[in-house]
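Subject: Structure handover

Hello,

Here is the structure for your files. Please open it next to this message as you read.

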Amino acid sequence: MQYIKNAGDLEPTIENLIQEVPDLPPIPEHLLEYDLDVIESMENTFPYADWIDSVASYTVPQELHDWCQSHFDFPVSVKYLVVKKLLTPHIDHGIEGYKYSYVVDPGGEGIKTYFWDNSDKWEKSRIAKVNYTRPEEIDNIITSTICERNKWYRLYISEFHGVDKPERPRIFVTCKLADQKVDLSLSL
Ligand SMILES: [Fe+2]
């Protein structure tokens, strides 16, 4: 499958901000790890290691990497992503454009991923400074989606997005273009 990398490959219209990708088959069960203790025993490669109580990403076994790689025509970096808290509106670090996420555990029923058009207000920071208890209270939501177990999604992570507080840890396998530079100089 052609890897959609950035806005030049596919215009980030509202429909394209978050889309299920039916072309990508479900990851075979035997390649997946569901035990959080096992996942968390792998190397945490998230650029902010001290965010581990909220979000962390882990190196995957070679077999899982190879299976994912076989479905893309670009070199991909494959990680487990574990999210334990509400994700405040943000733009991803270390990657631009689109990434692919496979839902291993959605973290509960009806957990929504939101996108906002608040670039004018928030553009100075990669994490929005805003007070709220639930993401849906924040103005200018342009789309929201419940990501379902065992499905792939493509997300445009250069627009502000965030996620409801999960009932239990959300677990994903994420694929992004390999060897993108992580720029930690941008303000949080
Ligand atoms: Fe993100």
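Below is what was found in it, taken by topic.

The model is a predicted one, so please read everything here as computed from predicted coordinates.

Six strands form an open sheet in the order 1-8-5-10-3-2, and their pairing is antiparallel. Strand 1 (18–20) and strand 2 (55–59) are at the edges; each has a single partner strand, so one side of each has no neighbour in the sheet. On average, neighbouring strands are turned by 30° against each other, with direction ignored.

Strand 8 covers residues 152–156, and five of its five residues are buried, so the strand is largely enclosed by the rest of the structure. As a general point, side chains in a regular strand alternate between the two faces of the sheet. In strand 8, both faces are covered: W152, R154 and Y156 are buried on one side, and Y153 and L155 are buried on the other.

Strand 8 is joined to strand 1 by three bridges, and the two run antiparallel. Within strand 8, L155 is the bridge partner of I18. Strand 5 is joined to strand 8 by five bridges, again running antiparallel. Here the bridge partner of Y102 is W152.

E43

E43 is found in the loop between helix 2 (36–40) and strand 2. Is E43 buried or exposed? E43 has 8 within 10 Å, so E43 is exposed.

Which residues is E43 in contact with, leaving aside its neighbours within four places in sequence? They are Y58 and T59. Strand 2, an edge strand of the sheet, spans 55–59. As for S158, it is 115 residues from E43 along the chain, and the C-alpha atoms of the two are separated by 26 Å.

Regards

Notes:
Residues are numbered from 1 along each chain as its sequence is written. This is a predicted model: local features need pLDDT of at least 70, side-chain atom pairs count only at pLDDT 80 or more; totals for chains, interfaces and linings use all residues. Two strands pair if DSSP finds at least two bridges between them. Helices (H or I, at least four residues) and strands (E, at least two) are DSSP runs, numbered from the N terminus. Axes are lines fitted to C-alpha atoms, for helices over the stretch in contact, and angles run from 0 to 180 degrees between N-to-C directions. A residue is buried if 20 or more other C-beta atoms lie within 10 Å of its own, exposed if 12 or fewer, and partly exposed in between; C-beta atoms are placed from the backbone. Two residues are in contact if their C-beta atoms, placed from the backbone, lie within 7 Å.
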